[in-house]
Amino acid sequence: LHNVIFLKRCPPSEVGKYMSLAQVMLVHLKDNLIHEITVPSKIQAYMNVGKPILIGAIGDAADLVVRAGAGIKCQPEYPPVIAQAVREFYHMPQEKLKAMGQAGKQYYDAELSIKVGTRRYEDVFIKTIAQLNR
């Protein structure tokens, strides 16, 4: 392929600049039982920056991306299907790509952000304390 570049590892402080250059983010998990219940943190990072996601996975991670309207899922470890999903993104209008990215960002803000997670933990602690004080 002449239009694909694989970059070497870079420090976390530089990842953001590469993410900003990408049009679509890729998450690929091997097809095995542990990955069916795994949601990699990179999904949250990709949603937070508002990028559409090509998710090659089954289970919770793929379900999250689809539920958020943030991308396209495909069967992992099967190159023809992955290639078809890449073609789908390639032919997709920019407005639809942008809408997927925005949907992911909105989902992140509403369901996955640190602020939301902190509030949920606070609610659990408050309910637990109330139960203990009865």
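In this predicted model, helix 4 (residues 60-68) packs against helix 6 at an angle of about 110 degrees, and their axes lie 9 Å apart. Because angles of 65 to 115 degrees count as roughly perpendicular, helix 4 and helix 6 are therefore described as roughly perpendicular to each other.

**Contact of helix 4 with helix 6**
- Helix 4 contributes L64, R67 and A68, which meet A103, G104, Y107 and L112 of helix 6.
- By class, the residues of this contact comprise five nonpolar, one polar and one charged.

**Largest pocket**
- The largest pocket holds about 1,600 Å³ of space.
- Its lining consists of 28 residues, of which V4, I5, A22, V24 and L26 are the closest to the pocket centre.
- Two or more lining residues come from each of helix 1 (12-21), strand 1 (25-28), helix 3 (41-48), helix 5 (79-91) and helix 6 (94-112).
- The lining of the largest pocket divides into 22 nonpolar, three polar and three charged residues.

**Chain as a whole**
- The chain contains seven helices and three strands, arranged along the sequence in the pattern α-β-α-α-β-α-β-α-α-α.
- The C-alpha trace spans about 65 × 30 × 30 Å along its principal axes.
- Of the 134 residues in the chain, 28% count as buried.
- Among contacts between residues at least 6 apart in sequence, 49% join residues at least 24 apart.

Notes: Residues are numbered from 1 along each chain as its sequence is written. This is a predicted model: local features need pLDDT of at least 70, side-chain atom pairs count only at pLDDT 80 or more; totals for chains, interfaces and linings use all residues. Side-chain values use heavy atoms; hydrogens and water are left out. On a 1 Å grid over the protein atoms alone, a cavity is a set of points where a 1.4 Å probe fits but cannot get out, and a pocket is an open set with protein on both sides within 12 Å along at least five of seven lines; lining residues have an atom within 4 Å of a point. Grid points are joined across faces, edges and corners, and a volume is the space filled by probe spheres set on the points. Helices (H or I, at least four residues) and strands (E, at least two) are DSSP runs, numbered from the N terminus. Ala, Val, Leu, Ile, Met, Phe, Trp, Tyr, Cys and Pro count as nonpolar, Asp, Glu, Lys and Arg as charged, and the others, Gly among them, as polar. Axes are lines fitted to C-alpha atoms, for helices over the stretch in contact, and angles run from 0 to 180 degrees between N-to-C directions. Angles under 35 degrees count as roughly parallel, over 145 as roughly antiparallel, 65 to 115 as roughly perpendicular and the rest as oblique. Contact means heavy atoms within 4.5 Å. Buried means under 20% relative accessible area, exposed over 50%, partly exposed in between (1.4 Å probe, protein chains only).
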